[in-house]
Amino acid sequence: MSPAVILPSRNEPTTISAVTAAVDAALGDSAAVIVHADTSDTPQTAEQFTTTATRAAKLGLTGLVRGKGAQILAAARCPQTAGAAVVLIADTDTRNPDPAVYRALLDRVRGGAALAIADYPRHWDEANLTNHLARPLITAVTGHDVPQPLAGDLALSRAALDAALRAAEALPEDLAACVDGYGIDAFLLLTAATAGPVTSVRLAEPKRHAASFPHLPVIYHQAVPVLLHLTAGRPPRTPVDEDPALYRAAPRDIEPARLQAMLTALDSLGPRPDGYDERPWPLPAADAWHAVNSGTPAAEAARQLWPYYLHRVRDWLATGQHATAEQRAETLAAAHARLHTALTTAGAS
């Protein structure tokens with residue numbers, strides 16, 4: 001069976017063509033298909049996809065329900081992808097798409113992985129949801145330390161994708177809405193982990209793509225309920241690799257005015273939570289996970305955690321500007337270990 005590619009997009013006319021050409025080069029297969037799932041405000045993105053020459057067949061889907069997850073699931077359910085043994089999903093806002101990366105992801109799945117996902121270093125001020133919550137939480141309950149669990153470049157086996165589609169049908173309405181949005185990344189990883197091995201493809205350079213900080217509230221409230229729901233009920237596990245977690249927080253300078261604007265934006269999203277100093281991060285994250293295990297709906301637990309997460313990100317940005325790359329990595333690794341300990345001592349082990 002030939003592979004398939006899913007390209008979800010919204011308003012990316014300047015990058016879609018290069019990404020399409022790169023995934024086509026990685027496929028190198030005239031029997032493969034590239035499915036573009038687009039919800040752009042104008043036709044330019046779809047037009048750029050259509051006019052990009054490829055060896056693989058192309059299919060453009062428009063008029064879809066807006067949302068990254070909804071677009072991916074719509075493409076995954078279409079007949080053209082049903083026979084694919086491996087399905088690659090790629091971000092379409094990538095400014096430096098590399099066929100070698102996509103090829104490596106496909107090869108890992110062909111070699112037996114249920115899911116292969118890109119592991120690229122992130123700049124120290126980015127990937128806050130990944131570094132402070134998603135990565136350590138997923139490691140604690142699965143035993144597998146996936147450095148970039150929310151990366152948008154990944155490949156899935158047929159079995160893993162089928163498991164995800166079945167799980168999507170069984171979701172309660174509120175969580176289905178989250179999976180239709182930015183919750184799709186955590187959903188695909190955690191459902192794939194039930195179908196077979198999960199692996200990462202380590203890359204040397206940061207990925208250049210659109211910043212996620214402006215969408216922080218939306219990403220959080222769609223991704224975190226899914227993370228809490230799908231990790232609840234799983235007792236903490238000893239990591240497969242017992243060495244301390246290594247974090248790569250790539251250095252870069254941030255203009256003081258830009259950093260202040262980020263801090264001001266965070267301040268506007270919620271007040272400082274009461275009792276934060278008594279139970280500093282990541283203890284509130286452990287509390288949210290334990291609450292879901294005790295019957296609190298995942299969306300409600302995520303809402304209760306929100307002000308603590310905001311404060312954690314604000315503290316990270318305010319203090320991280322004065323830290324070295326090594327100090328940042330050590331801080332993240334220490335919090336990673338504390339979350340595992342906190343979950344284990346919360347009574348769920």
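This talk goes through the sheet, some helix packing and a few individual residues of one predicted model.

Two notes on conventions. Residues are numbered from 1 along each chain as its sequence is written, and side-chain values use heavy atoms, with hydrogens and water left out. Since the model is predicted, local features need pLDDT of at least 70 and side-chain atom pairs count only at pLDDT 80 or more, while totals for chains, interfaces and linings use all residues.

I start with the sheet. Helices (H or I, at least four residues) and strands (E, at least two) are DSSP runs, numbered from the N terminus. Two strands pair if DSSP finds at least two bridges between them. On that basis, 7 strands form an open sheet with mixed pairing, in the order S3-S2-S1-S4-S7-S5-S8. Strand S3 (57-61) and strand S8 (198-202) each have a single partner strand, so these two are the edges, and one side of each has no neighbour in the sheet. On average, neighbouring strands are turned by 20° against each other, direction ignored. Axes here are lines fitted to C-alpha atoms, for helices over the stretch in contact, and angles run from 0 to 180 degrees between N-to-C directions.

Now strand S4, residues 86-89. S4 runs parallel to strand S1 (residues 4-9), with 3 bridges joining them, and Val5 stands opposite Leu88. To strand S7 (residues 154-157), S4 is joined by 4 bridges and runs antiparallel; there Val87 stands opposite Leu156. S7 in turn pairs with strand S5 (residues 115-119) in the antiparallel sense over 3 bridges, and the bridge partner of Ile117 is Leu154.

In a regular strand the side chains alternate between the two faces of the sheet. Are the faces of S4 covered or left open? Both are covered: Val86 and Leu88 on one side are buried, as are Val87 and Ile89 on the other. Buried means under 20% relative accessible area, exposed over 50%, and partly exposed in between, with a 1.4 Å probe and protein chains only.

Ile6 is in strand S1 and counts as buried because its relative accessibility is 0%. Leaving out residues up to four places away in sequence, Ile6 touches Val35, Ile72, Ala75, Ala76, Val87, Leu88, Ile89 and Ala90. Contact means heavy atoms within 4.5 Å. Ser9, also in S1, is buried at 2% relative accessibility. With the same exclusion, its contacts include His36, Asp38, Thr45, Gln71 and Thr92.

On to the helices. Helix H2 (residues 44-51) lies across S1, strand S2 (33-38) and S3, and runs at about 170° to S2. Two packed helices are described by the angle between their axes and the distance between the axes.

Take helix H6 (residues 128-142) and helix H13 (residues 298-320): their axes come within 11 Å and cross at roughly 125°. H6 and H13 are therefore oblique to each other; angles under 35 degrees count as roughly parallel, over 145 as roughly antiparallel, 65 to 115 as roughly perpendicular and the rest as oblique. Their crossing is right-handed. A crossing is left-handed if the near helix is turned anticlockwise from the far one by less than a right angle, and right-handed if clockwise. Asn128, Leu129, His132 and Leu133 of H6 meet Leu305, Tyr309, Arg312, Val313 and Trp316 of H13. By class, that contact has 6 nonpolar, 2 polar and 1 charged residues. Ala, Val, Leu, Ile, Met, Phe, Trp, Tyr, Cys and Pro count as nonpolar, Asp, Glu, Lys and Arg as charged, and the others, Gly among them, as polar.

Helix H3 (residues 68-77) and helix H7 (residues 158-169) pack at about 120°, with axes 11 Å apart. This pair is oblique, and the crossing is left-handed. Leu73, Ala76 and Arg77 of H3 make the contact with Leu161, Leu165, Ala168 and Glu169 of H7. The residues divide into 5 nonpolar, no polar and 2 charged.

Last, some backbone points. Trp281 and Pro282 are joined by a cis peptide bond, with omega about 15°; Pro282 is in the loop between helix H11 (256-268) and helix H12 (283-293). Asn11 has a positive phi, near 60°, and sits in the loop between S1 and helix H1 (16-27). Ala127 is not a glycine either, yet has a positive phi of about 55°. Buried or partly exposed? Asn11 is partly exposed at 34%, whereas Ala127 is buried at 8%.
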